[in-house]
Amino acid sequence: MILAPSILAADFLHLADACKIINESEADWFHLDVMDGRFVPNISYGMDFIKQLKKVSKKFFDVHLMIVEPEKYSEEFKNAGADGLTVHLEACQNLHRNIQQIKSLGMKAGVAINPHSPVILLKDIIADVDLVNVMSVNPGFGAQSFIPYSIQKIKDLKILIKENNSLAKIEVDGGVSLKNAKQILDAGADVLVAGNAVFGSRYPKETIKKFKGLKP
């Protein structure tokens with residue numbers, strides 16, 4: 001299981017400390033949520049922010065673009081330090097072209113789907129992507145509650161991946177906690193994004209260790 005703590009939930013006055021926690025812990029990836037105030041009703045941070053974090057990081061940068069027209073900025077995010085770039089199914093007019101662009105830049109290519117989007121919409125792209133981010137909350141804000149029917153979506157997605165001989169990993173993003181992580185893994189998830197569960201914890205490194213101790 002890959003654990004990707006979300007920087008969005010960290011204390012922005014002490015970001016160096018948050019990076020240090022991830023670097024020194026058993027966490028695998030940094031998860032970075034980029035919001036534009038158009039696709040989602042919030043604005044987070046951009047390329048310069050990621051570039052600065054990359055200077056003090058040691059792990060994979062999993063960049064999640066919650067923005068419209070992501071193709072305009074893919075190269076800039078690559079230059080800022082993104083190792084993987086995920087775009088939203090709902091934000092892309094030509095998803096196949098977006099995925100191919102990301103791959104051509106040397107990054108892992110991911111696609112995210114919102115809670116209202118059925119996984120069957122990914123049928124024609126599933127063999128081309130490295131990761132599918134199942135949004136288990138409505139994107140835009142942290143500290144939301146996990147949407148229960150996301151469990152069935154994960155199961156359906158696992159079947160779709162197998163039927164199409166895809167190597168895509170399933171990432172689950174939103175409301176993930178130690179209470180529901182085992183159920184999510186049992187459904188077929190490979191990557192857990194944990195924001196508030198990690199950075200809202202009194203002992204983040206210990207919380208990360210507990211997540212990593214879970215087995216599907």
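**Basis of the entries**

I worked from a predicted model, in which local features need pLDDT of at least 70 and side-chain atom pairs count only at pLDDT 80 or more, while totals for chains, interfaces and linings use all residues. Residues are numbered from 1 along each chain as its sequence is written, and side-chain values use heavy atoms, with hydrogens and water left out.

**Entry 1: His 88 and strand 4**

I placed His 88 in strand 4 (residues 84-88). Helices (H or I, at least four residues) and strands (E, at least two) are DSSP runs, numbered from the N terminus. His 88 is buried, because its relative accessible area is 1%. Here buried means under 20% relative accessible area, exposed over 50%, and partly exposed in between (1.4 Å probe, protein chains only).

I then listed the contacts of His 88, with contact meaning heavy atoms within 4.5 Å. Leaving aside neighbours within four places in sequence, His 88 is in contact with Phe 39, His 64, Leu 65, Met 66, Ala 112, Asn 114, Met 135 and Pro 139.

In strand 4, five of its five residues are buried. Gly 84, Thr 86 and His 88 point one way, and Leu 85 and Val 87 the other way. In a regular strand the side chains alternate between the two faces of the sheet.

**Entry 2: Glu 90**

I found Glu 90 in the loop between strand 4 and helix 4 (95-104). Glu 90 counts as partly exposed, because its relative accessible area is 27%. Its side chain reaches the backbone nitrogen of Asn 114 at 2.8 Å and makes a polar contact with the side chain of Ser 117 at 2.5 Å. Leaving aside neighbours within four places in sequence, the contacts of Glu 90 include Phe 39, Ala 112 and Ile 113. I also checked Glu 90 against Gly 213, 123 residues apart along the chain, and their C-alpha atoms are separated by 34 Å.

I traced an open sheet of eight strands, in the order 1-8-7-6-5-4-3-2, with parallel pairing. Two strands pair if DSSP finds at least two bridges between them. Strand 1 (2-5) and strand 2 (29-35) are the edge strands, each pairing on one side only. The twist averages 25° from one strand to the next. Axes are lines fitted to C-alpha atoms, for helices over the stretch in contact, and angles run from 0 to 180 degrees between N-to-C directions. Helix 8 (residues 204-212) packs on the sheet and touches strand 1 and strand 8 (191-194); its direction makes about 150° with that of strand 1.

I noted three of the parallel pairs:

- Strand 1 is joined to strand 8 by four bridges, and Ala 4 stands opposite Val 193.
- Strand 3 (residues 60-66) is joined to strand 4 by three bridges, and Val 63 stands opposite Leu 85.
- Strand 6 is joined to strand 7 by five bridges, and Val 134 stands opposite Val 172.

Strand 1 is covered on both faces: Ile 2 and Ala 4 on one side and Leu 3 and Pro 5 on the other are all buried.

Which residues of helix 5 are buried? I listed Ser 150, Ile 151, Lys 153, Ile 154, Leu 157, Leu 160 and Ile 161. What covers these buried residues includes strand 5 (108-113), strand 6 (131-135), strand 7 (169-173) and helix 6 (181-187).

Helix 5 is followed by Asn 165, which lies in the loop between helix 5 and strand 7. Phi of Asn 165 is near 50°, a positive value in a residue other than glycine. Asn 165 is exposed, because its relative accessible area is 69%.

**Entry 3: Glu 69**

I found another positive phi, about 50°, at Glu 69, which is not a glycine. Glu 69 sits in the loop between strand 3 and helix 3 (74-80) and is partly exposed, at 32% relative accessibility.

**Entry 4: cysteines**

I searched the whole structure for disulfides, a disulfide being a pair of cysteine sulfur atoms within 2.5 Å, and found zero. Cys 19 is buried at 1% relative accessibility, and Cys 92 is buried at 12%.

Technical notes: A polar contact is a pair of N or O atoms within 3.5 Å; within protein, one must be able to donate a hydrogen and the other to accept it, and residues adjacent in sequence count only if both atoms are side-chain atoms.
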